[in-house]
Amino acid sequence: MKNYIKLLLILLIVPFISFAQEDDTSKEKKVKERPERDAFESSNIIDNPTNVLLSKNALEVQMQHRFGLINGGTNDMAGFWAPSNIRIGLSYGIHERLTIGYGTTKFNRLQDFNWKVALLKQTRSNSMPVSVSYYGNFTIDARKKENFNLIQDRYSFFNQLIIAKRFSPNVSFQIAPSVSHYNLVDPTIKNDLFAVAIGGRVKVSPQTSILIDYSQPITQFDTNQPKPGFSIGAEFATSAHEFQIFLSNYNGIVPQKNYMYNQYDFFKGDFLIGFNITRIYNF
């Protein structure tokens, strides 16, 4: 009788032990599959968006400033007294994987409505080796109506796929193919331009990083072929602020403006001083 009781106890206990082991295995697997931290500190690496999205209900305030060309040929104090471009923007985290935003830019009075979606996230176990995000915007040129025949002529669009990897706490890299579209363009150029951007960050201290950002147009125009964008600078980060200061040959700020119309060549001395400041509020 005692043997039957022992056997019954074993039969009752073994399944629970098995479930407990499965639970432990499942928990261990979940720990291994935790997402890696974002490859970058800020939502932008100088002139291009990164894979960074806001937390749910977080609000980000952005200020982006580009001074005039340093070699402008006039007494403009390294571009500080020359005409400057400014963009002020707001972004809001609807979900951990969805951020929406709005910005207004001084040159051409551009009003951009933008969104960023996290499609894939790099995992700490490296089962997913990269993160993939999508960034897009819809931009309206708000200059006076005599500049346009139709309301649709004011519209431009930008779509970019951001493939980023955090190699280590100190080194991150991304590659980002994109397409820019303008409804209204000069007859000598095309409405669409394909391009690819490459960017990287190397941390030199817990709060300081060196940034490099390069953008290469691929589509060829008959005239006014846009020049590649190149930027190099430093980023200083705190828990809620990011400050970037850099040299760049892009002054359009809105991505499609830079990609489609840039005529400045960084390596021929056409560069300017710029900075980006962001502040995040968590609610």
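The legends below accompany close-up views of one predicted protein model.

Residues are numbered from 1 along each chain as its sequence is written, and side-chain values use heavy atoms, with hydrogens and water left out. Because the model is predicted, local features need pLDDT of at least 70 and side-chain atom pairs count only at pLDDT 80 or more, whereas totals for chains, interfaces and linings use all residues.

**Figure 1. Overview of the protein chain.** The chain holds two helices and 14 strands; helices (H or I, at least four residues) and strands (E, at least two) are DSSP runs, numbered from the N terminus. Of its 283 residues, 42% count as buried, where buried means under 20% relative accessible area, exposed over 50%, and partly exposed in between (1.4 Å probe, protein chains only). The accessible surface comes to about 15,300 Å², with 64% of this area belonging to carbon and sulfur atoms; areas come from the Shrake-Rupley method with a 1.4 Å probe, and for residues only the protein chains shown count as cover. Among contacts (heavy atoms within 4.5 Å) between residues at least 6 apart in sequence, 55% join residues at least 24 apart.

**Figure 2. The largest nonpolar core.** A nonpolar core is a set of buried Ala, Val, Leu, Ile, Met, Phe, Trp, Tyr and Cys residues joined through side-chain atoms within 4.5 Å. The largest has 13 residues, and L193, F221, Y259 and M260 have the most contacts inside it. Strands β8, β9 (171–182) and β10 and helix α2 each supply at least two residues of this core, with β10 giving the most, three residues. Leaving aside neighbours within four places in sequence, L193 is in contact with S178, V179, S180, P217, T219, F221, P226, Y259 and M260. Apart from this core lies another, of eight residues, among them A39, F40, I46 and F246.

**Figure 3. The largest pocket.** On a 1 Å grid over the protein atoms alone, a pocket is an open set of points with protein on both sides within 12 Å along at least five of seven lines, and a cavity is a set of points where a 1.4 Å probe fits but cannot get out; lining residues have an atom within 4 Å of a point. Grid points are joined across faces, edges and corners, and a volume is the space filled by probe spheres set on the points. The largest pocket contains about 820 Å³ of space. It is lined by 35 residues, of which R37, D38, F40, V52 and L53 are the closest to its centre. Two or more lining residues come from each of β3 (58–69), β6 (110–120), β7 (131–141), β8 (155–168), β10 (192–203) and β14 (272–282); β8 provides the largest share, three residues. By class, the lining has 13 nonpolar, ten polar and twelve charged residues, where Ala, Val, Leu, Ile, Met, Phe, Trp, Tyr, Cys and Pro count as nonpolar, Asp, Glu, Lys and Arg as charged, and the others, Gly among them, as polar.

**Figure 4. The second largest pocket.** This pocket has a volume of about 230 Å³. Of its 18 lining residues, N108, D141, R143, Y182 and Y261 are the closest to the centre. At least two lining residues each come from β7, β8 and α2 (255–261). The lining divides into eight nonpolar, five polar and five charged residues.

Figure 5. Three cavities of 30 Å³ or more are found in the whole structure. The largest holds about 280 Å³, and of its 24 lining residues the closest to its centre are N44, Q62, R87, N114 and Y135. Its lining draws two or more residues from each of β3, β4, β5 (98–105), β6 and β7, with β6 giving the most, four residues. The second largest cavity has a volume of about 80 Å³. Residues lining this second cavity include S42, S43, N44, Q62, Q64 and E242, and its lining comprises two nonpolar, eight polar and one charged residues.

**Figure 6. Selected loop residues.** Q122, in the loop between β6 and β7, counts as buried because its relative accessibility is 6%. Beyond residues up to four places away in sequence, Q122 touches P35, E36, M128, P129, V130, S131, A164, K165 and R166. Most residues other than glycine have a negative phi. A78, in the loop between β3 and β4 (85–95), has a positive phi near 55 degrees and is partly exposed, with a relative accessible area of 33%. N224, in the loop between β11 (208–217) and β12 (229–237), also has a positive phi near 55 degrees.
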